[in-house]
Structure formats: structure tokens, C-alpha cells
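Biologist: Could you walk me through a few side-chain contacts in this one, please?
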Amino acid sequence: MNENRLFFSYCHAEKKRMDEIVPLVEAAGVPVWWDEYALKFGLHLGDEIDKGLETSRGAVLFISPEYDRKSNDQENYIYREKEFILKRKEQLGADYFVGVVLWEKASEAAVPPKLKNFKYSNTDKDTSIILQIIQGWGHFEKYNIPKGGRKLLDAVLKVAHNDDAHGIISIDEKPLGGRFFLLDAERLSDDGRGEVPACYTEGLKSLLRARYVEEEYPESQSYRVTRAGFAYAKTGREPERLIQKVCEEGRKILRQAVTSSADGDITIPHGVPGSQELIVGAGDILPDTKPYTFALWRGGLKDLEDCGYAEFNGSGEYGVCYKVTHKGYIFAKQLGLEIE
């Protein structure tokens, strides 16, 4: 099974640079297969490199003049790495990430012809190699969800507009081991042995990383599709927006909070799985109970959080609470709202 990580292919003459780069990339949440981490005493070098290549979802080629020379020597491991990466990219296309970094003095002619049309980093010109790797991988994760994750989203999308549906994906652990996934209490398709294929587990992880689903409650095994998740399921893209832009649903939440409530409270009730209420002031602000509607309005609340107009105010017996901030009241006045 492919693991959500990047394989770093480089020449050992550049090890000192890699010693600096790898920890910083991993500190940003990008998992890396690097031989210095993976190759333990007594393991076969070639076998472990092959495993690393076969189980990674992408790779970065760090090309120096020495790397270029060795990558054309069929007896060298670097040649095997480069050829495997190019073949995997050709086979999987957008589902496989490949990045290229050109060290100083490396010729642009060293970039493999199959990768010429992809943006690459040149250290003669770019000083933000680490940032580019992090941003490139983050974009890849958002728009290249594994098959299992896409199946989960598709299953939710099919029932999302039903009044009786909650759009909740949950995991049910078997007493004697194993697990299966439920969608609104109905078991998703299984592998013939009564268990959902493992690809769903990896798919769910990818949806969480991309923030296309979120935990229903902290540390629960129930997950709700977000506004961005519904957008991705329908169009294959996440809605683009500036951080300071608040969607219409978010503005309505703010308007209700500052005009009908003395304390500016916003609450998402909990206690019942699949609860789809958003209490602002004295009542539920949602126009209906469809999970897609909840995702839109929950996304509006997220906009308010991102802009600093609302903040988490604790989780109590009744639900998860948010409160309008001072910055939020200023924004409300800019919108022409009369504040209670």
C-alpha cells in the first residue's frame, strides 16, 4: 500500500545539505522517505530503496552535477531511482507527485525530458526550496485524494441532500478485530469478508489531512464532510477564497450573533450523533437539516474563525461554543449592523 510520503532521491555528496533540509520539511508535516532514516544496520540497501520507492506517493529529485552523472550509469542506485520515479509518474499521472531541485552548477539539461514541463526549483535563482516542497506537496494532497477517499466522499454526496441523512462517516470496530465503515448507520461496500477494504482507511486519512472531513466530536470515530469536501466531491476542486473573505453564510451568522444575543454566542450542539444544528442567539439558524446545508454554514463559521471574527470558547455539556471577538464586532459595524 502506498504511504503518504515523499521519496528523496539525492547524491551522497550533498548529504550535509539534506541533513538541514529533511528535518525542516518533516517539521512542516511532510513525511519523507530518506535513506539516512530508513536504512538500518544489516538491511539490504537495494531492497530497502525499492520498498521506499514502491510505497511512496511521490518523490523529489535533488539534481547536482554528480547526481546527473550517476543517474546515467545503469549500475548505480541513482539510475534505478530516477527510472522508477519517471515510470511511476508516467503510469499514475496526477496521482503521483514529482518535484525537481537543481543544485548550483547543475545544468537545466539535467532535468529529465519527461519533467521539463513541470515547475522545478533552481538553487541558483530560488532560495525557498523547503517552502516550495512544502507548498507543492500540500497542493498535491488537496487535489489528489486516493481512490478510497474519493469513494467515501461520493457515498456521502449521494445521500447528502436527503432530509433524513446526516452525512456522517463512522468506523465500527469488531469485537474480535477488524473494522468497517458506516454511512448514516448503513455499512459501506466491503471486500466480501465483511470488512471494508483498507484503502478506505487510507482514504479517510487523506480527507482529514486535506480538511475535507472533520471529526464530529474530539477523539471520536465519526467524521462529517466539510464545505470544502462537498465542493471537491462535486467538482474536483476546493472553492478558492481569500483568507479575509467571509462567505454569505458566515456574515449571516455574525449578523444573528451580534443583533440577537447579548453575549455573541454561537453553539454547535452535541450529544446526538449527526446533530445538525447551529444555535446563534436564541435559535437554530440553519434553513434545513441537510448535511450539505450544515457543511455550508459550518464553513461560514470557519471563515469567521480564520479571520479572527469568532473564536473557540470551550466545549460544555450542551455543545461546542464560539464567541464573537472584538475584531468581529468591529467588522459587524463595518457591515452596518446595529449591535445589541
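Modeller: Let me start with Lys70, which is partly exposed because its relative accessible area is 23%, where buried means under 20%, exposed over 50% and partly exposed in between (1.4 Å probe, protein chains only). Please keep in mind that this is a predicted model, in which local features need pLDDT of at least 70 and side-chain atom pairs count only at pLDDT 80 or more, while totals for chains, interfaces and linings use all residues. Residues are numbered from 1 along each chain as its sequence is written, and side-chain values use heavy atoms, with hydrogens and water left out.

Biologist: OK, and which side chain does Lys70 meet in a salt bridge?

Modeller: Lys70 meets Glu66 at 3.8 Å, N to O, a salt bridge being a side-chain nitrogen of Lys or Arg within 4 Å of a carboxyl oxygen of Asp or Glu. Both residues lie in helix 4 (residues 65–70), 4 residues apart, about one turn of the helix; helices (H or I, at least four residues) and strands (E, at least two) are DSSP runs, numbered from the N terminus.

Biologist: Is Glu66 buried, exposed or partly exposed?

Modeller: Glu66 counts as partly exposed, at 30% relative accessibility.

Biologist: How many salt bridges are there in the whole structure?

Modeller: A search finds 16, and one of them joins the side chains of Arg227 and Asp303 at 3.0 Å, N to O. Arg227 lies in helix 9 (residues 227–235) and Asp303 in helix 11, so this pair ties together parts that are 76 residues apart in sequence.

Biologist: Are those two buried or exposed?

Modeller: Arg227 counts as buried at 18% relative accessibility, and Asp303 is buried as well, with a relative accessible area of 0%.
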